[in-house]
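Welcome! Please take a moment to look over the sequence and the model before reading on.

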Amino acid sequence: MQAHGSVLITGGAGFIGSHLSERMIAEGWRVVVLDNFDEFYDPAVKRENLREILGHPRFRLVEADIREPGAVEALIAAERIDAVVHLAARAGVRPSIADPLLYASVNLVGTTAVLEACRRQGVGRLVFGSSSSVYGNNRKVPFAEDDPVDNPISPYAATKKAGELICHTYHHLTEIRVACLRFFTVYGPRQRPEMAIQRFARLMAEGRPIQQFGDGTTERDYTFVDDIVDGILRALERAETFHIWNLGGSRTVTLKSLIAKIAERLGVEPNVECLPAQPGDVDRTWADIGLAARDLDWAPTVDIDRGLDRFTAWFRRQSLVRRSG
């Protein structure tokens, strides 16, 4: 297979990044991953994410922080990087309320450092991992890219909106082709341990209670990780100027329904603790994907039921490995 060039994936040892790394290697890219193995969750989990490709001749892993002066630029220069997929970020709505300064540092200073390195080294293409959280509690649904996003309700959401603005600024100044992709609640094998689907599955499997914040009627638009990877690759190929695209399943699932679906697949009766709604949590997310369909010829292919089947199969395998170890 003919190589497509060299890509730098920041945060590439994480959930989405590791899936993207595997796919790009399979398609002929040379992949360089930069990850700082932050303690937000167990770094050993992220190292395991890359186990299948660590020895591949077209893969290199570099352990560094995007905020380290000159680190990204030196790597881009040394590896002759053609394109960057910037996924490195401090994630999570609730933790951002507890430590907004850290989120501003990683998500704003870090993103600016990546863009400045691209400018100085003449990188022509960049994909920025944004978030559906930028829409806040938008009452108009589904959420479209031209909706106002001036009212984020968490520091995390604000940093993602600011990241899009910084990307636009660098596109204007340098003509770098940029795609900002607003991801809608990504799930699947290797999902981060603190995210709802994996957290619920783990607690149910252990016979422990799960916490339901609010009355269970909040809705999320869940998107399977393979569909997200497909969208990233299409955006990387087709972005010609500055673009913002939603990548979502374009269907909503209530929290109550999600809990029931996971419990059914695990064959358990969930023990649900109902708690007050949390500050920063939005009532609903729902993607209008018409623009991605038109520009990228993209549409989700894995619905929530098939996606949960695939997640549960992976979860069971991981549980067997842990028990045998």
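Which residue in β3 stands opposite Asp35? Glu63 in β3 does. This is a predicted model, where local features need pLDDT of at least 70, side-chain atom pairs count only at pLDDT 80 or more, and totals for chains, interfaces and linings use all residues. Residues are numbered from 1 along each chain as its sequence is written, and side-chain values use heavy atoms, leaving out hydrogens and water.

**The sheet**

Seven strands form an open sheet with parallel pairing, in the order β3-β2-β1-β4-β5-β6-β11. Strands (E, at least two residues) and helices (H or I, at least four) are DSSP runs, numbered from the N terminus, and two strands pair if DSSP finds at least two bridges between them. β3 (59–63) and β11 (242–247) stand at the edges with a single partner strand each, so one side of each has no neighbour in the sheet. From one strand to the next, the twist averages 20 degrees. Strand β2 (residues 30–35) runs parallel to β3, joined by five bridges.

**Helices on the sheet**

Angles run from 0 to 180 degrees between N-to-C directions, with axes fitted to C-alpha atoms, for helices over the stretch in contact.

| Helix | Strands touched | Angle |
|---|---|---|
| α6 (residues 155–174) | β5, β6, β11 | about 160 degrees with β5 |

**Helix against helix**

α8 (residues 225–238) also packs with α1 (residues 15–26), at an angle of about 60 degrees and with axes 10 Å apart. Among the residues of α1 that meet α8 are Phe15 and Arg23.

Note on methods. Contact = heavy atoms within 4.5 Å.
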